[in-house]
Every structure is written in C-alpha cells, then in structure tokens.
Amino acid sequence: MTTDPTAEQQLLPGVRYRTEIRQRLVPHTVDGKTRMVEEDYEALVPAPPRDWDQAVTTAVTATAALLVAVAVVWSVASIGDLLAHAVVAPIAYLAATAFALAWVTCMALEWLARYDAARAAGPRKGGNWALVVDMAFVATHGYVEEALYVGLAGAAVSAIAKKMWSTVMRHQSRPLPERTARWLQDETAEISARLALGAQKRHLARVEGQAAIYAPTAPAALPQDTSRDTAGQLSPTVLSAVRAVLATLPDLTHDDVLVHLDQLGLDYDETAVLTVLDNEQDKQDSRSEAGPTPLFPPTQTVTESVRTALSSGVRDKDSVVSYVHQIHGSGVPRATIVRLFNRELEKTA
C-alpha cells in the first residue's frame, strides 16, 4: 500500500485530517504486457468538526427516553403492587402496564402527527388524561402503604418524564408555514383516498366473486315477439316455432301444427304458415344423404335457436340438434349444440 504523494502539499494548518483507503489505476507490466490495475493507497482527508448541536440533541433525547423508561417501571411497580391486593401478582402487574403504556403510546402518536396540528391534538389530550390517571393510582398506592410522600414522588416522576419528552419533541419538530401545512394536508388526503379506493375495489372484487358462485345472476327472459306477421311472411319467432314443431314431430299435419302454434300463444298469418309447411315438406322430400342444409338464411344465432326450441317445449336433445341443423346447416358441431342445450336447460330449470 502506498501513500498519496500530494498529501503533504494539501495539508492545511489547524485542520484535522483522517486517513482513508482509496483506489487508483496504475500501469503494471508482466512478460512485456502492460495493464492498468487497481492499487490501494492512503489519502488524508479533512475531518469535519464535531457537531456539538447534534451530540447535545442525541444526549437530551436519550435522557428523556431514560426518564420515560424509569417512569414506566415505577408506575408498573406501584400500580401492580396496589392491584395485587385483589388479584394474583402476575395479572396485577400485567394490567398495571396499561396505565403507563397508554400515555407513552399517545406521545408516540403525537410525534407521528407533528406536521398536522389537528391530528396531533387528539393524542396529546388523550395522553394527558392517561397521565393523570396513572399519577392518581401511583399516589393512591403510596397512601395505601402509609407513605403518601413516596406515592406523590412516584407520580411526579411520570409527570416529569412526560414533560421532558414533550419538550424534546417540540424542540425537534419543525412547524410548517400555514400554506405548506394545508398543501401537505391536501396531498395526504389525496393519497389516502387512493389507498382507500384500492382497498374498496379489492373488497368489491371479492364480493363479486362470491356472488358469482353463491348468487348467480338470473338468466334474462327470452324476448317476446310482439310484431304481427304480414301477409305471406312469418316473423322470426313464428318461423322458428314452426320448424321446432316439425323437427320434434315430423308426422304432424298442417292443422296439427297450427294447433301447436295456438297453444304457444303466437300471433301468426295462417297463409304464410301453410306456405312454409309446404316448403318444408318439399325440402324434406328432396334432402340428400349428405346431411341437412339451411332452408333459409338463419335469422338468429345458434344460441337463440336452442332457446326457441326450449321455449317451444322441446326437451329431447337429438330433436334440438336436428332442429338447429335444419336452420343453420350441418356445419354446426353437435358438441356445441349439446353444450348450449345443457346450459340453457339449466337456466330454465
């Protein structure tokens, strides 16, 4: 390890220096090949003067913390011995810690809210009340033990400790200007609102997931066809009902089909229905072995066709498959029709 050659030239009279280990790159040759390698060296750097303000602040803070600890121990010992006259000692001393820790906790909350006077007022007031109760029980213990002066001295320890700690907090706190304090309040409120909104969204997501499992949404009712058929033309609902009846009961006569439509409460044009029945019969007679093809361009989706068949009273799976193939063609997979049939059947159950 080497020493910085310029260190002696940088030394100033009256200034304290400390030695630091630093690194620098130096050329180093091995077998005729030179590389830049790191080398450690000692350098003298000026040492900052001792911060006596920080040292005193640290010492005062440590003293205040020590006084608080002494007050807590004294309070627990006095109040615990007082309560031990009525309950067993372990429970008595455990309960006694509540009196001392109450005002200590309020002091901590007051420190956390030091930049918001409105929020700090609550812990400060609660801490004062808790301190009064703590001092009263400590003094009462001295009175019961026929040493009231000892009880009063012990109560004074708690009061001095809290006053000392409050003074230290007031010294270390940095009060904000009024406008800066209000800006900080608005910023805190905005961030808190975002946190609250995120928590509520997570809660609603959990509730929505539970509702989807335990209280599923009721299926929407099938749309009712309120339009009347025009002469020579059927509405999509009546046309689907006619085809569903024919798919389920292919041997029905035209009059029987009309009876079924009446039972379903559909308003239809008889001439148009008979025309469709004749066309359906001709299609069935000329159908090839390759499979059914759509009679007309589909006026509804496969799902709607399955719903129409179910609403017409058809519950046979094969009949529904045949009916859908008649409308949409044999290209619709049977598995798809069966899946839609089972789903819609559960909804209507």
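These questions and answers cover aromatic rings, a hairpin and a surface patch in a predicted model.

Trainee: How is the aromatic pair classed: stacked, edge-to-face or tilted?
Mentor: The structure holds one aromatic pair. The ring centres of Phe 99 and Phe 137 are 4.9 Å apart, with the planes at 50°. Planes under 30 degrees apart count as stacked and those over 60 as edge-to-face, so this pair is tilted.

Trainee: How many residues apart are Phe 99 and Phe 137?
Mentor: The pair links distant parts of the chain. Phe 99 belongs to helix α3 (residues 89-112) and Phe 137 to helix α4 (residues 117-144). Their separation is 38 residues.

Trainee: Is Phe 137 buried, partly exposed or exposed?
Mentor: Its relative accessibility is 31%. Buried requires under 20% and exposed over 50%, so Phe 137 counts as partly exposed.

Trainee: Which residue in the hairpin of β2 and β3 takes a positive phi?
Mentor: Strands β2 (residues 17-30) and β3 (residues 33-46) run antiparallel and are joined by 14 bridges. Val 26, for instance, has Val 37 in β3 as its bridge partner. Two residues lie between the strands, and the one with a positive phi, near 55°, is Asp 31.

Trainee: Which elements give two or more residues to the nonpolar patch?
Mentor: The patch covers about 410 Å² and is made by Tyr 143, Val 144, Leu 148 and Leu 152. Tyr 143 is placed in helix α4 and is exposed, at 59% relative accessible area. The elements asked for are α4 and α5 (148-172).

Conventions: Residues are numbered from 1 along each chain as its sequence is written. This is a predicted model: local features need pLDDT of at least 70, side-chain atom pairs count only at pLDDT 80 or more; totals for chains, interfaces and linings use all residues. Side-chain values use heavy atoms; hydrogens and water are left out. Rings of Phe, Tyr and Trp (its six-membered ring) pair if their centres lie within 6.5 Å; planes under 30 degrees apart count as stacked, over 60 as edge-to-face and the rest as tilted. Helices (H or I, at least four residues) and strands (E, at least two) are DSSP runs, numbered from the N terminus. Buried means under 20% relative accessible area, exposed over 50%, partly exposed in between (1.4 Å probe, protein chains only). Two strands pair if DSSP finds at least two bridges between them. Patches are made of residues with over 30% relative accessible area and no salt bridge: like charges are joined within 9 Å, nonpolar side chains (Val, Leu, Ile, Met, Phe, Trp, Tyr) within 5 Å. Accessible areas come from the Shrake-Rupley method with a 1.4 Å probe; for residues, only the protein chains shown count as cover. A salt bridge is a side-chain nitrogen of Lys or Arg within 4 Å of a carboxyl oxygen of Asp or Glu.
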